[in-house]
Amino acid sequence: MSKLLLIDDEKGIRKVLSISLTSDGYDVVTAENGQEGLSLFQKESVSIVMTDMKMPGLDGLEVLKRMKQINPDIEVIVFTGHGDMKSAVRALQLGASDFITKPVGDQALSIALTRAEQRLELKQRLKNYTNNLENMVKEATEEVQRRYEFEDKLIQRSIDGIVATDEEGKILVFNSGAEKIFGYTEDEAKRSKNACDLYPEEPLEKTADILSGKKETAEDVFIMEDTSVVGKNGEIVPVRFSGGILYGGDKAIGSVGFFQDLRKIKRLQQELIKSEKLAAVGQTIAGIAHSIKNILNGLKGGVYMVNDALKKSGSELGIREKQDPDVKKRPHSELITGWDMVKRNIDKVSDLVLDLLSYSKEREPGYEKCDPNEIADEVCYLMESKARDNNIVLIGDFSERVGEIYLDPAGIHRCLLDLVSNAIDACIFDPDTEKEWYVKVTTRPENEGGVAFEVIDNGCGMDDEVKNKIFSQFFSTKGARGTGLGLLVAQKIANEHGGAIHVESQLGKGTTFTVRLPGKEGENAQF
Amino acid sequence: MEKKVLIIDDDVDVRTFASSVVENSGYKPDIAKDGEEGLNKVRKEKPALIILDVLMPKESGIKMYRELKTDNQLNDIPVIVLSGIAKRTFLRSQRALAEFGGQTVPEPEAYFEKPVEPEELEAMIKKLAS
């Protein structure tokens with residue numbers, strides 16, 4: 001029950017009313033004047049106050065005024081003298097809840113108290129309700145915020161590119177997946193791009209028709225399994241596209257597109273096709289390798305014998321030519337030219353076949369402990385005459401700190417031979433005849449017992465386009481002279497050793513190939 | 001008397017070519033078309049050097065090589081193997097035969113994979129036949 005403060009200067013009234021109110025269940029405190037009443041009011045948590053109007057010192061109106069200032073919700077009931085309507089009205093104006101005329105009857109008291117109780121309860125309920133409402137708004141706001149953040153994260157974290165636009169095609173959402181696919185930053189896209197710049201053509205048309213109101217409805221989603229978009233630098237990016245119109249009620253309010261990046265998948269597919277092709281070539285070649293080698297042997301044998309015969313009769317022909325230049329010159333020079341053609345082409349077939357064999361499964365690497373410097377030296381020795389014939393200086397610069405290492409000497413020999421031969425060709429093809437051409441072969445020790453070979457030339461060099469293609473199958477810049485397999489074979493051999501070939505080149509300046517091979521210890525070195 | 005070099009190969013082109021190289025190296029060539037004929041000639045003629053193919057009809061070079069190297073009378077004649085198959089494959093088959101119960105035989109004095117460079121063959125003939 002509520003605490004009730006009773007203020008009256010008449011002791012008798014205080015006593016009678018206290019008894020009556022206490023028996024009604026109120027917790028009653030009393031004061032004999034306004035001053036005492038106010039100080040009790042401030043000390044005790046009182047919810048209903050009853051005060052007499054006419055008191056010495058602070059009168060009832062003053063008490064009422066001050067109490068309302070302290071707590072506007074307080075229920076104050078005033079006692080007025082019989083017929084004193086003026087002060088009753090004044091009290092009500094100042095916020096009193098009710099007035100009871102003296103002498104105070106039980107019934108009037110009871111009614112006034114009941115009403116006060118009801119008003120208090122109503123006020124409390126209103127207060128609770130307001131509080132609840134505020135809490136609910138706060139909770140709802142937090143929930144909305146949480147959901148927004150969750151959805152934002154969902155969009156941002158998606159691997160797929162997600163783009164959303166308003167009904168005019170202006171970009172509203174552009175996640176990090178979209179940044180990767182298109183190459184624009186989110187800001188760039190939102191500032192300067194439009195759905196037209198990003199969506200593939202077909203869904204773009206459909207989307208535009210609906211958003212502009214030309215068409216009423218469409219399928220819920222457009223899906224294009226295999227299409228492409230144009231990225232920032234004009235790169236054509238293969239994507240799987242799915243997208244649709246966003247509706248607010250019946251009205252189209254925007255569009256959304258999901259882009260799945262297919263670049264990696266496409267690349268893997270191409271690599272798979274390439275490796276299957278290569279495996280097929282390898283198996284075919286391995287199957288006929290023996291026959292091919294025998295035929296080549298026959299061709300080389302034939303060349304040897306004709307050369308032999310030419311050498312033995314050559315001096316005779318030469319002399320006859322000198323003595324009588326007009327008679328035998330033509331047939332003889334044609335014979336020499338034709339024979340050179342045959343020899344050159346046999347060498348070409350031989351190079352191609354040996355490259356193919358090296359690239360096929362037929363050649364199995366045989367690892368043994370050997371000196372890399374010796375292999376490099378041998379290669380330089382073999383290429384020396386070709387270099388000299390073309391006014392190219394061939395330099396060998398081998399580090400003495402390179403120790404013996406487990407490798408396949410025949411393979412590395414072929415690999416270096418290909419690189420040096422390429423380097424010499426790069427000088428031969430160089431249009432800048434002012435240069436003093438050189439090809440330099442170096443060796444140096446690498447970490448953990450490995451070795452690095454470098455083949456450096458100052459020949460014609462390569463542009464980026466050529467550089468990107470040199471390790472692909474059957475690519476050659478040498479026209480009919482190249483097999484298009486040399487570097488592929490060199491790379492395969494380096495890879496078999498667990499190593500790699502690296503190339504640096506500048507058009508017109510020259511090229512450096514670096515072959516790095518890791519060191520392997522022991523008899524059972526595995527590659 | 002001129003030293004003889006015996007060439008054993010079923011391919012007539014190889015026999016002709018190798019004969020020419022042998023002549024240019026300063027030796028007298030002799031020829032056989034398979035391992036069986038080859039072994040007979042080796043026993044009869046006692047050549048200074050043998051040039052041996054591997055894949056041949058009747059008796060193959062693999063078997064003939066074993067017979068040469070396990071015969072006390074013949075095993076000091078140097079052998080150049082000239083074949084379309086890789087050296088490793090040849091050695092592997094020799095190892096397999098050794099494990100099968102036979103003796104282990106030494107590696108050939110020289111091994112050339114076809115196609116051989118005539119100059120290299122010539123140099124090796126001169127080195128081994130002298």
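**Salt bridges, chain B.** I looked up B:Lys114 and found a salt bridge to B:Asp53, 3.5 Å from N to O. A salt bridge here is a side-chain nitrogen of Lys or Arg within 4 Å of a carboxyl oxygen of Asp or Glu. B:Lys114 sits in the loop between strand 5 and helix 5, B:Asp53 in the loop between strand 3 (49-52) and helix 3 (61-69), 61 residues apart. Helices (H or I, at least four residues) and strands (E, at least two) are DSSP runs, numbered from the N terminus.

I noted that this is a predicted model: local features need pLDDT of at least 70, side-chain atom pairs count only at pLDDT 80 or more, and totals for chains, interfaces and linings use all residues. Residues are numbered from 1 along each chain as written, chains are lettered from A and ligands numbered from 1 in written order, and side-chain values use heavy atoms, without hydrogens and water.

Next I checked burial. B:Lys114 is buried at 2% relative accessible area, and B:Asp53 is buried at 3%. Buried means under 20%, exposed over 50%, partly exposed in between (1.4 Å probe, protein chains only).

B:Lys114 also forms a salt bridge with B:Asp9, at 3.3 Å between the closest N and O atoms. That pair ties together parts 105 residues apart in sequence.

**Chain A.** I then looked at A:Arg115, which pairs with A:Asp98 at 3.0 Å. A:Arg115 lies in helix 5 (residues 106-157) and A:Asp98 in strand 5 (residues 98-101). A:Arg115 is partly exposed at 41%, but A:Asp98 is buried at 10%.

**Total.** I read off 36 salt bridges over all chains.
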